[in-house]
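Got your viewer open and ready to click around? Let's take a walk through this one, stop by stop.

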Amino acid sequence: MKKISIIAYLMTGLLAVSSCDTNLELENPSQQTTTSFWKTPEDLESAVATVYNTLVDNNNAGYWEIQAMQLKENRTENFVARNDVQDRYSVSFYKNDAGNKLTAEIFKTLYIGIFRANQVINYAPQIQNINQTKREQLVAEATFLRGLNYFNLVNEYGAVPITTDLIQTQSDYFKSKSTEAEVWNQVIADFQFAANSALPEIYPAAQKGRVTKNAAIAFLGKTYLYMKDYAKAEEQFAKLVNNEGANGYGLLDNYAELFDGKHENSKESVFEIQFSKVGGSTIWGGTPAERTRATTMAQECAPGEVGGWNELLPTTVLLNAMTKEKTAAGEFDPRALATLAWNYPDCVFYNADFATKFGANAIWIRKNQNWWNNDEGDWKSELNEFAMRYADVLLMLAEAKTMQGKVAEAIPLVKRIRDRAKLADISMAGWSKDQMMAEIMHQRNVEFAREGLHFFDLRRWGVLETVIKASQVGGYELFTPKFSYYPIPQSELNNNPNMTQNAPW
C-alpha cells in the first residue's frame, strides 16, 4: 500500500496542533498548546508532523503544492501561465508587485512552518518518558525543516526576519529584517545541526519521506553552492558521493521510472515530498482531517481534453532544449520523452494518439502527470514531488568542482548523467571551465525541467535576464532584475511597523 506509514504519521498531527495555522497575527497561537499539549512522545511526533504538513498544504500555498510549484516554473523561459488566475499570470509575465496575493501566501506559509518548528524545538525538552535519541531525532527533523523554510524564504525574497524563539509578547510579532547574509547563516546553522545530529542516514521503507542526516548534508551543500562557497559545497556533496556503498544512493537506470508512481522513494531520492490519497476527500477548505493528502498539481497541468485546467504551458524553447541532443542510437533523449508530450511518431498521451486528440502543434507536460490513465479523474494525484534527488547532488558537485577549476574531476559526474540518458559518449578531456559549465547548465535544464530548479539555476549563474529576454517568451520584454526575487508582501509591510521593502522593489 502506497506510503501509508509516513502519511499516517503526517496525518496524526493535523488536529493536535491546529492552532499553529496562523502566522504573525496579533494573538498568541501557542496559548492553548502551552497549557494542554507538549506532554507525551506522541504530542511531539504529531507536532513534527504539522511542520511537514506545511510543505504540502494546498490551502496555504505549501512550497511543493500547486501555487509555489507553478510559480517556480512559469517565470522561466520554459513555461508560461494561463491568464485565468491573475496573480499567477502576473508573476509569469513579470507584472507582479508587492500586492500579489499568491506570493504573500507563500511567504506566510513558510513562516507557519518556522513557527511550528520553533514550537517543537523549544518544547521538546519538557516531554516526559521519551527515549532521548528519539527526542534528539525529532528536534533535528524540526530544525532541518526550519532551515528549509528559511532557505526558501531567502531564496525567494532575499532579506527577511529571523525568529527562532517562541512568541511571548505582542512586540515579538514585529521583527525587523535580517540581512540576506544573516538569513543564509541561519540556514547553515540549522542544516549543520541536522547533519551532525542523531538522525539516521537512511530510514526503513515504511518511514521513507522523513528527513535523514544525508538529506541535511545535501541541503547544506546546496546552501554553500548558492552562496558560491564552492569548496564547502564540494566538501558536503563529496560525503554522499564518496559513500554510495553505505548510503545506497544512485541513479535509476530508467529515467522515466522516477515519475511513474511505481518507483517512489528510490535510491535516487534524497528528500521526496509525499502525496497520497489518504485522509479526507476535500481538496480545498475544510478541517485538516477532512482534507486529502493528495495533490491537484497534475489536474492543473493537464490538457482540457482530459479534464485538466492547462495552467502551466510548456514552450517551444523548452522542447527545443530537450530535443537538442539525441541518444547514441539516434532516438529522442529519454528525459524529453518523460517530461513532455508532443507530436512525434506514435506519441500516446492519456491513452490517445497525441496529434488526433490534442493537435499537431500542441506541447504538454508528461512529467508528474497521470498520463497512462484516460484522464486526471477526481483531481487527486498521488505522484510525489522531489525536493532533491541524487542526480542533483551529482551535478551540483560537478559544478562546485568546475567553479574551482577542477574540470577533470567533474567529468565522471557529468558522464553519469549523460550515460543514464543514453547520450553519445563525448570527450570532455581538456575542456575549459566555461565549456564544462555550459554542459552542466544544459544538463540541469534538461534533467530537472518541471521540478522547480531552473529559475534559481539561471539566477545563480548570472544569466537569468539574458536567457529570458533571448527566449521572447511571455512577458519577456517586461523583465528587469527586480523580478529575480519576490517583493516583501504588502500585507506584511502594512502589519509590521518594523518591516521595510527590499531593493529594488
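Which residues does Met499 touch, not counting residues up to four places away in sequence? Select Met499 and look around: Pro161, Lys177, Ile488, Glu492 and Leu493 are the ones it touches, where contact means heavy atoms within 4.5 Å.

Before moving on, two notes on what you're looking at. This is a predicted model, where local features need pLDDT of at least 70 and side-chain atom pairs count only at pLDDT 80 or more, while totals for chains, interfaces and linings use all residues. Residues are numbered from 1 along each chain as its sequence is written, and side-chain values use heavy atoms, with hydrogens and water left out.

**Stop 1: still at Met499**

Met499 sits in the segment after helix H21 (490–495); helices (H or I, at least four residues) and strands (E, at least two) are DSSP runs numbered from the N terminus. Along the chain Met499 and Lys177 are 322 residues apart, but their C-alpha atoms are separated by 6.5 Å. Is Met499 buried or exposed? It counts as buried, at 7% relative accessibility (buried means under 20% relative accessible area, exposed over 50%, partly exposed in between, with a 1.4 Å probe and protein chains only).

**Stop 2: Thr109**

Next, pick Thr109 in helix H6 (residues 101–123). Thr109 is buried too, with a relative accessible area of 3%. Leave aside its neighbours within four places in sequence, and Thr109 is in contact with Thr54, Asn60, Ala61 and Gly62.

**Stop 3: two helices side by side**

Show helix H7 (residues 132–157) together with helix H9 (residues 213–226). Their axes come within 11 Å and cross at roughly 25°; axes are lines fitted to C-alpha atoms, for helices over the stretch in contact, and angles run from 0 to 180 degrees between N-to-C directions. That makes H7 roughly parallel to H9 (angles under 35 degrees count as roughly parallel, over 145 as roughly antiparallel, 65 to 115 as roughly perpendicular and the rest as oblique).

The contact residues split into 7 nonpolar, 2 polar and 1 charged. For that sorting, Ala, Val, Leu, Ile, Met, Phe, Trp, Tyr, Cys and Pro count as nonpolar, Asp, Glu, Lys and Arg as charged, and the others, Gly among them, as polar.

**Stop 4: salt bridges**

Side chains of opposite charge can pair when their charged atoms come close. A salt bridge is a side-chain nitrogen of Lys or Arg within 4 Å of a carboxyl oxygen of Asp or Glu, and the count here comes to 35.

Glu45 is in helix H3 (residues 41–53) and Lys134 in helix H7, 89 residues apart. Lys134 is partly exposed, at 24% relative accessible area.

Then jump to Arg389 and Glu447, whose closest N and O atoms are 2.8 Å apart. Arg389 belongs to strand E10 (residues 385–389) and Glu447 to helix H18 (residues 433–447). Arg389 is buried at 1%, and Glu447 is buried at 0%.

**Last stop: a network**

Finally, select Glu268, Asp333, Arg335, Lys367, Arg389, Arg420, Glu447 and Glu451 together: salt bridges link them in a network.
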